[in-house]
Amino acid sequence: MPSGFLLGIATAVSWGSADFLARFATRSVGSVRALLGMQFWGAIFATIVLFFARDWGHLFDGSGWQPWAWGILAGSINTFAMLALYRAFEIGKLSLVGPVSASYPALTVILALLSGERLSAYRALGIVAAVLGVIFVAAGEKSSAPLALTNESGDANSHAQKSSGVPGLGWAIAAAFSFAILFWLLGLRMIPRAGALATVWLIRVSGALITFTVLLASKIPLPAKNKRTGAQLCTMGCLDTAAFALSNLGMRIEQVTVISVLGSLYGAVTVALAAIFLKERIAPLQWTGIAAIFLGVALMNA
């Protein structure tokens, strides 16, 4: 079986790739509809994986309602976090809001340490370096520069232009806090009570139902058929769900703090993809942050 370290790195790559695609999908159909599409395909993917893996955890072994309750709670928290993240992608700059949302391990580490986890000196230094790297990547963006956003039809996003501060930053911070609480609960409460893969399935199914309810309550129409956006949402659902599965499996064999920090490196993956494909500039401080992240990864694996 792959080590928890490798599972954490694979988690970051999967999440970073999914979030890169989310930038296009959210600006095409909006954050709520993009989230619903991602969760719908993710639920199908998770169901197929569980069908072949036959790893339903404690859902049908007579454990009662508690595994289901924990899974639905995880789905609710994740839905809010993802909605905030997708909203940040919709109105903000990918190379800024991505790393900010990935700063959640700072709070997750505190919660895990308060819950009794202990770290070696090398791992503690690695976590500090990685978290500082994420902060540098976010801080390297010149927030004073005006940002004019356009959707796929070329229309300006007037709301983002008129808003004060950095567009999407508040939503990215909300996502980071929500992810921090989610991963702390996943490692210490939810996975032991429901199972690693079963928790992913519950997160996706309950999240899809919650998002669909929000969409109906908000009277947001379903998007018109668009093959390119549909392919993006399907790929996002598979990648995001695979990342959750890899992260949860990693938490069964590795410390929650280590897996949370490794998974949060998706922000660096997102920045790299934005620089390569969208030609978004990477500032010198962001390069320093990326170097700190790689140093942290090396120390955590020492």
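Modeller: Serine 260 has 1% relative accessibility, so serine 260 counts as buried (under 20% relative accessible area; exposed is over 50%, partly exposed in between; 1.4 Å probe, protein chains only). This is a predicted model: local features need pLDDT of at least 70, side-chain atom pairs count only at pLDDT 80 or more, and totals for chains, interfaces and linings use all residues. Residues are numbered from 1 along each chain as its sequence is written, and side-chain values use heavy atoms, with hydrogens and water left out.

Serine 260 belongs to helix 11, residues 256-263 (helices are DSSP runs of H or I, at least four residues, numbered from the N terminus). Not counting residues up to four places away in sequence, serine 260 touches Tyr104, Pro105, Thr108, Phe183 and Met251 (contact means heavy atoms within 4.5 Å).

Now follow Tyr104 and Phe183. Both are among the residues with the most contacts inside the largest nonpolar core, which has 74 residues (a set of buried Ala, Val, Leu, Ile, Met, Phe, Trp, Tyr and Cys residues joined through side-chain atoms within 4.5 Å). Helix 8, residues 169-194, gives the most to this core: eleven residues.

Tyr104 and Phe183 also share one aromatic cluster with Trp15, Phe179, Phe244 and Tyr266 (rings of Phe, Tyr and Trp, its six-membered ring, pair if their centres lie within 6.5 Å; planes under 30 degrees apart count as stacked, over 60 as edge-to-face and the rest as tilted). Phenylalanine 179 and phenylalanine 183 are both buried. They sit four residues apart in helix 8, so about one helical turn separates them.

Methods:
Helix = DSSP H or I, 4+ residues; strand = E, 2+ residues; numbered from the N terminus.
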